[in-house]
Amino acid sequence: METKDWRLEQERLEWVREKLQARITELEPEVEGMQDQATEIRKHFWEEVTINTSTHEDFEETFYTINQQSAVLAERERGHKRLTQQWNNMKRLLPSPYFGRIDFQEKGLKFSEQIYIGVSSFVEDGLSFLIYDWRTPIASMYYDSSPGVASYVTPIGPIDGTMDLKRQFQIHNGQIRNMFDASETIGDDLLQQVLGKGADSQMKSIVATIQREQNAIIRNDKSRMLIVQGAAGSGKTSAALQRVAYLLYKHRQTISADQIVLFSPNPMFASYISTVLPELGEENMQQTTFQEYLDYWLGSSLRPEGAFDQIEYVLTEHGAPGYEARLQGIEYKASDAFLQALQNYGNWLGQEGMRFNSIRFRNRDLITAEQMRAKFYGYDHSLPLQNRIVLLQDWLLNELSTLERMEREAPWVQEELNYLDTEQYEEVFGMLHKDREVFDVAEQYATVREKMTNKRRQDEGDFDFGQKEEELLRRKIVKERFSPLRKSIKKFSFVDIKGIYGELFVDEAAYREKTNAVVIPSLWTEICKQTRESLLRNELFHEDATPYLYVKEMIEGVRTNTEIKYVFVDEGQDYSSFQYEYLKKLFPRARMTVLGDFGQAIFTQATNLAAADSPLVRLFGEAETSLISLVRSYRSTREIVEFTRAMLPDGDEIVPFERKGQKPLLTRINDREKLNVQMVANIAALRAEGFDSIAIITKTAAESQKAHESLRIQGGEDLQLITKETFNFEKGVMVIPVYLAKGVEFDAVLIYDASSGMYGLDNERKLLYTACTRAMHRLHLYTTGDWSPFVQALPVNLYEEWNSYTSE
Ligand SMILES: Nc1ncnc2c1ncn2[C@@H]1O[C@H](COP(=O)(O)OP(=O)(O)OP(=O)(O)O)[C@@H](O)[C@H]1O
């Protein structure tokens with residue numbers, strides 16, 4: 001780059017920074033003033049309002065003053081928020097105002113405009129853009145085009161022209177550190193530098209180096225469903241978060257951050273990504289896990305098993321009694337076939353077989369299950385289940401009112417009357433007193449009327465305090481006792497969902513009859529036994545949780561959240577078709593973005609996102625679905641990607657990003673203690689090299705615990721043990737089971753035991769792949785015996801070996 005260019009750019013940078021600084025200083029008193037004004041109004045809110053409710057007019061006036069005051073306050077607060085945001089944006093821009101420049105000459109114009117691109121816009125005099133926000137339409141050319149013919153799309157149509165220059169900057173503290181003129185979309189030089197840095201406990205925003213295919217994900221506005229299948233480290237999560245920022249910018253008038261929800265793989269992941277959006281000047285979207293959702297809806301009645309407990313069982317209980325059946329059950333209960341079977345079961349229930357819980361009171365049936373069944377099947381059979389349940393619910397509430405009235409005469413009420421405390425008496429006394437006042441006015445009126453008309457009144461006119469008091473007390477006692485019954489009817493507790501779900505698992509013939517199922521797992525009898533036993537204990541296997549909720553909602557009606565406009569699902573391969581069906585129902589107004597990698601499908605209920613018959617495509621139909629594939633892997637060095645991709649059958653489709661490093665190191669020592677000593681030494685060496693985040697990855701939580709203990713004995717003092725209860729992700733050396741390391745990354749990864757015993761079965765291939773792909777710069781594998789067949793099958797030129805024989 002010519003020195004003249006460099007000097008000009010540095011001069012322009014200084015000029016922009018001066019303008020920024022001037023605007024920040026200018027705004028400062030305004031921002032503070034607005035804050036003070038709003039605080040002041042809030043403080044004196046009630047002083048400005050005179051509360052007077054004596055007449056209707058006074059009341060109206062009070063009402064309007066309160067309304068007016070809150071409108072003023074709301075306006076001030078909105079103004080303050082806007083101004084503060086502008087001010088914060090400028091302060092964020094100041095150290096590094098922009099990262100890109102394109103010179104674009106619009107067709108038909110004689111001059112070319114210089115477009116500088118940064119994390120937010122900076123406009124002078126309301127017109128002249130000194131910096132363009134990276135999300136503006138014109139900035140899309142920076143990501144999508146190379147110098148030459150270029151165009152971008154605006155709300156009023158495409159704008160064509162020529163891009164004369166494309167330049168990238170690295171600016172720190174107001175100084176240009178690096179500058180590249182790129183002929184490609186986004187030059188690799190800058191990316192090299194960014195990716196070469198160390199891992200952090202927080203994910204970084206990547207707006208300066210977004211790649212063209214990632215930009216397509218970020219700006220996709222067409223489809224209801226956007227599916228992203230991307231190799232490990234290809235930037236799926238990064239693109240998802242920049243997409244959230246883009247949507248919040250583009251639809252800022254209509255969408256707020258709390259109308260976007262992201263389903264993440266585990267609670268730790270939430271903390272890992274929590275700083276990306278605030279770094280970009282946006283608020284964080286809502287974050288949750290599917291598990292949290294299940295716990296919320298099932299928690300009180302049943303104890304649902306967690307997803308991580310299920311995977312721990314699958315990985316550690318090989319050979320245990322019932323293991324094969326459980327595995328078949330997990331697979332079947334996540335399948336489309338089971339979903340279809342449940343829908344058919346719903347039809348069957350429309351004709352017969354509904355189960356109800358009797359409504360019991362003081363050890364007797366008030367309304368029996370049999371009565372409910374008769375009533376339910378007495379309704380028009382063409383009505384959907386949910387409608388009939390609502391009719392039944394109304395009927396029950398009515399019946400309960402009649403029964404409640406009758407119950408007032410029951411002997412137990414008399415007994416309770418004798419044991420009432422003074423407080424309860426006083427309350428009733430107070431109520432009667434009020435009644436008495438009304439009664440007295442009516443009495444006076446009746447007496448006057450009697451005199452004037454000279455006619456004797458018909459009624460006696462005596463207010464029998466004693467009798468009324470007893471009546472009221474009886475009413476009160478029974479009402480209180482009936483109140484929980486009423487509440488539980490409103491919550492549909494009269495439907496025996498547990499029984500209805502359990503009925504599916506009696507035997508094969510019954511199952512076929514109720515569901516028309518054609519293909520049934522071979523170990524069905526054992527699956528039935530396991531499921532019923534677990535229900536008897538009031539527990540629910542993880543694989544049963546979503547189907548159970550599905551049946552519940554098929555009968556009681558679907559819960560929906562219409563507020564949410566965008567749903568993001570990360571690690572989407574780990575969700576079953578059932579769960580997707582569920583999410584679609586739950587968020588009927590939302591568009592969905594699902595990101596995942598079938599190569600990392602480590603749960604039994606995986607969904608292949610990109611397959612032709614993928615249930616995800618069926619969810620909204622092909623016309624409403626876009627599929628984008630990411631094949632370039634950015635996280636790891638070329639050597640690590642070449643090593644890991646060779647473990648997958650279709651791995652050669654994955655393209656490594658050109659960043660050099662050391663080949664993965666395989667260490668075999670046949671004594672575990674010596675091997676641990678070696679690991680601890682390797683960790684110390686890695687730390688000495690400057691790697692701050694190092695993970696020892698194990699297959700299971702049980703193995704993590706063991707590894708943690710043994711390594712500490714060998715001197716690995718400050719090792720953190722990560723469990724499913726860990727909520728924060730910190731730098732340092734940690735021991736972690738692979739399923740909790742999903743989605744996150746480390747400078748160096750050490751696979752604690754890569755033996756054939758640990759990763760020998762085909763379903764363990766993806767576990768090992770997922771574990772190894774967490775590494776950015778270094779990857780070490782250890783074993784005391786034979787290597788896993790997935791390692792043995794790798795070409796020897798892909799790794800270095802270190803074993804006790806070579807060291808002696
Ligand atoms: N365009 C980019 N510019 C700079 N860094 C990038 C880019 N794309 C991805 N990265 C980096 O690559 C790493 C992996 O990205 P990310 O975690 O988003 O990938 P992923 O596809 O979600 O991975 P996985 O499926 O393995 O969890 C991160 O460190 C991210 O910052």
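Student: Which residue of β6 is the bridge partner of A150?

Tutor: This is a predicted model, in which local features need pLDDT of at least 70 and side-chain atom pairs count only at pLDDT 80 or more, while totals for chains, interfaces and linings use all residues. Residues are numbered from 1 along each chain as its sequence is written. Strand β5 (residues 148-154) pairs with β6 in the antiparallel sense over seven bridges, where pairing asks that DSSP find at least two bridges between two strands. Within β6, the bridge partner of A150 is G161.

Student: Which residue between β6 and β7 takes a positive phi?

Tutor: Strands here are DSSP runs of E with at least two residues, and helices are runs of H or I with at least four, numbered from the N terminus. β6 and strand β7 (residues 175-181) pair in the antiparallel sense over six bridges, and the partner of I171 in β7 is I176. The hairpin of these strands has two residues between them, and the residue with a positive phi, near 45 degrees, is N173.

Student: Over how many bridges do β1 and β6 pair?

Tutor: One of the bridges to β6 joins F104 to M163. Strand β1 (residues 100-106) and strand β6 (residues 157-172) run in the antiparallel sense, and the number of bridges between them is seven.

Student: Within what arc do the buried residues of α25 fall?

Tutor: Helix α25 (residues 672-688) has 17 residues and reaches 24 Å from its first C-alpha to its last, close to the 24 Å expected at 1.5 Å a residue, the expected span being 1.5 Å times one less than the number of residues. Its buried residues, with 20 or more other C-beta atoms within 10 Å of their own, are L675, N676, M679, V680 and I683. Because these residues line one face of the helix, they fall, by the directions from the axis to the C-beta atoms, within an arc of 140 degrees.

Student: Which exposed residues lie on the face of α25 turned away from its buried side?

Tutor: Exposed residues have 12 or fewer such C-beta neighbours, and partly exposed ones lie in between. On the face of α25 turned away from its buried side, the exposed residues are A681, A685 and A688.

Student: Which residues does T604 touch, not counting those up to four places away in sequence?

Tutor: T604 is found in the loop between β16 (591-596) and α23 (615-620), and T604 counts as buried because 21 C-beta neighbours lie inside 10 Å. A contact requires C-beta atoms, placed from the backbone, within 7 Å. Leaving out residues up to four places away in sequence, T604 touches V314, L327, I330 and E331.

Conventions
Contact = placed C-beta atoms within 7 Å.
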